[in-house]
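Subject: Structure handover and notes

Dear colleague,

I am passing on the structure below, together with some notes on what was found in it. Please read them with the coordinates open beside you.

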Amino acid sequence: MELPIIIDIEASGFGRGSYPIEIGYYTPDGVSYCTLIRPEAAWTHWDDSAEQVHGIPRALLVEKGRAALDVCLDLNRQLRGKVIYCDAWAYDYVWLSLLFDAVDLLPSFQLKDLRELLGDCEQCHWHASRQLVEVRLQLRRHRASGDARTLFETLRETRRRCAVSPAV
């Protein structure tokens with residue numbers, strides 16, 4: 001029951017002009033990575049409703065965020081050659097591309113949709129498993145590394161359930 005690295009990206013909003021503000025991942029051996037991203041000069045869009053979800057004010061990004069180049073170099077070094085999974089591929093792919101394009105680099109890893117890993121049984125148990133995981137983890141903030149861990153633990157739980165009773 002091999003499990004993948006799960007990544008999550010928080011963003012300034014969900015529409016046109018949005019950009020990544022935090023990126024985090026969680027690995028099968030329990031390593032967690034999370035960093036705020038300082039907005040590039042052209043990244044000006046800000047959606048207050050997105051801030052209500054992730055709780056990260058833009059001023060914090062300007063003050064404490066890391067440069068996009070440093071974040072991309074870190075990710076490429078740590079994830080080189082790996083396949084990484086996310087739960088919102090259509091958004092995360094765009095935000096990851098925007099991050100790497102801003103510094104004229106390409107990711108050294110591949111981003112795929114977590115749904116590719118889910119069979120019928122896992123899909124059937126996903127939401128109930130996620131609720132159990134959220135209660136067990138008791139993560140108070142909606143942040144990238146916590147969300148990545150929640151997704152990872154939910155995948156582990158659904159696989160465990162389906163190994164015990166694979167019939168849907």
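Predicted model: local features only at pLDDT ≥ 70, side-chain atom pairs only at ≥ 80, totals over all residues.

Residues are numbered from 1 along each chain as its sequence is written, and side-chain values use heavy atoms, with hydrogens and water left out.

Aromatic pairs are taken between rings of Phe, Tyr and Trp (for Trp, its six-membered ring) whose centres lie within 6.5 Å, with planes under 30 degrees apart called stacked, over 60 edge-to-face and the rest tilted. By this rule the count comes to eight aromatic pairs. One of them is the tilted pair of F14 and W95, with 6.2 Å centre to centre and 50° between the planes. F14 sits in the loop between β1 (5–11) and β2 (20–26) whereas W95 belongs to helix α4, so this pair ties together parts that are 81 residues apart in sequence. (Helices, H or I of at least four residues, and strands, E of at least two, are DSSP runs numbered from the N terminus.) W95 also forms a stacked pair with Y91, at 5.4 Å centre to centre and 25° between the planes; because Y91 and W95 are four residues apart in helix α4, about one helical turn separates them.

For accessibility, buried means under 20% relative accessible area, exposed over 50% and partly exposed in between, computed with a 1.4 Å probe on protein chains only. W95 is buried at 4% relative accessibility, whereas Y91, with a relative accessible area of 41%, is partly exposed.

L96 lies in helix α4 as well, and at 4% relative accessibility L96 counts as buried. Leaving aside neighbours within four places in sequence, L96 is in contact (heavy atoms within 4.5 Å) with I9, I23, F109 and L111. Of these, I9 is 87 residues from L96 in sequence, yet the two are 8.0 Å apart in space, C-alpha to C-alpha.

Finally, S108 is found in the loop between α4 (89–102) and β5 (110–113), and counts as buried at 17% relative accessibility. With neighbours within four places in sequence again left aside, the contacts of S108 are N76, L79, R80, G81 and K82.

Best regards
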